[in-house]
Amino acid sequence: MAVQEADFDLGNEVAALREGDTGIGAVASFVGTVREWALDGAAAAPTSGLVLEHYPGMTERSIEAMVDEGIRRFGLRGVRVIHRVGPLALGDQIVLVAVSAPHRRAAFQGCEFLMDWLKTQAPFWKKEVSAQGAQWVDAREQDDAALARWGEVPGAVPNAAGGPDAEGQGQGSKA
Amino acid sequence: MKISVRYFAKVREALGPGEDLSFEADGPATVGALRDWLAARSPRHGAALSHEQAVRTACDQVMCGADEALYDGAEVAFFPPVTGG
């Protein structure tokens with residue numbers, strides 16, 4: 001697991017994930033990239049890129065907890081997570097989640113579960129930069145719904161769907 | 001008791017630089033009470049930490065609710081809903 005400004009190479013990461021483990025029958029990976037927001041009307045001016053902020057320390061703890069849960073839930077044999085921070089240009093890679101498992105179903109599901117967790121629970125914030133200035137990206141309630149599909153997730157709290165007021169969010173979240 | 005406070009993203013920008021702080025707080029007993037106590041410090045704090053705003057909280061780097069009890073040495077963070085990935 002790494003939080004870093006540097007780019008990453010999917011091939012190298014998958015090779016490292018697989019190395020020395022002949023019990024692996026499946027590898028699934030997801031790479032998130034910086035998209036042109038203006039294309040779907042989300043921004044008035046063409047986007048030039050993003051700036052990603054995070055909470056050093058909590059970010060790592062949060063990702064380690066989600067990796068533990070992914071391994072427990074899907075029997076994953078290995079997980080690699082890389083999330084970039086700092087300034088990123090259009091088309092840049094932002095995030096990698098790669099998992100290995102004995103069979104494909106666990107690999108596909110484990111990879112998707114980890115991304116659903118990361119989108120709503122890991123303390124990262126995107127700021128979209130355009131010629132008209134910079135603007136923080138709003139969280140989306142459908143991302144909470146995506147995580148909720150997996151049932152009870154220990155420590156998970158509502159993010160966008162928690163409403164404007166944080167009162168009452170995260171009941172029992174430290175259990 | 002001594003509490004450190006961290007702000008991130010939109011909340012941090014609304015408050016301006018140098019707002020992360022460590023102080024003696026003997027009034028607020030919970031994270032929610034601390035939010036209200038901080039919101040009363042200035043109109044700028046009031047706007048950034050208002051209950052009209054979506055503000056999420058963490059205590060010692062674990063997401064928590066408003067009723068989380070404060071303790072000596074706690075690190076409390078205030079930030080908007082997360083948008084990574």
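Chain A is built from 4 helices and 8 strands. Bear in mind that this is a predicted model. Walk along chain A from the N terminus and the elements come in the order β-α-β-β-α-β-β-β-α-β-β-α.

How much of chain A counts as buried? Of its 175 residues, 47% do.

Now for the partner. On the chain B side, 35 residues are in contact with 40 residues of chain A. The size of an interface is often given as the accessible area lost when the parts come together. Here, chain B and chain A bury about 3,000 Å² between them, and carbon and sulfur atoms carry 49% of it.

Two kinds of polar pairing turn up across this interface. The count of salt bridges is 2, and Arg12(B) with Glu53(A) gives one of them, at 2.4 Å from N to O. Polar contacts link 17 residue pairs, both partners at pLDDT 80 or more.

Which elements of chain B supply at least two residues each to the side that touches chain A? They are listed here:

| Element of chain B | Residues |
|---|---|
| α1 | 9–15 |
| β3 | 56–59 |
| β4 | 62–64 |
| β5 | 75–79 |

By residue type, the side of chain B that touches chain A splits into 16 nonpolar, 8 polar and 11 charged residues.

Technical notes: Residues are numbered from 1 along each chain as its sequence is written. Chains are lettered from A and ligands numbered from 1 in the order in which they are written. This is a predicted model: local features need pLDDT of at least 70, side-chain atom pairs count only at pLDDT 80 or more; totals for chains, interfaces and linings use all residues. Side-chain values use heavy atoms; hydrogens and water are left out. Buried means under 20% relative accessible area, exposed over 50%, partly exposed in between (1.4 Å probe, protein chains only). Contact means heavy atoms within 4.5 Å. Buried area is the accessible area (1.4 Å probe) that two parts lose on being put together, summed over both. A salt bridge is a side-chain nitrogen of Lys or Arg within 4 Å of a carboxyl oxygen of Asp or Glu. A polar contact is a pair of N or O atoms within 3.5 Å; within protein, one must be able to donate a hydrogen and the other to accept it, and residues adjacent in sequence count only if both atoms are side-chain atoms. Ala, Val, Leu, Ile, Met, Phe, Trp, Tyr, Cys and Pro count as nonpolar, Asp, Glu, Lys and Arg as charged, and the others, Gly among them, as polar.
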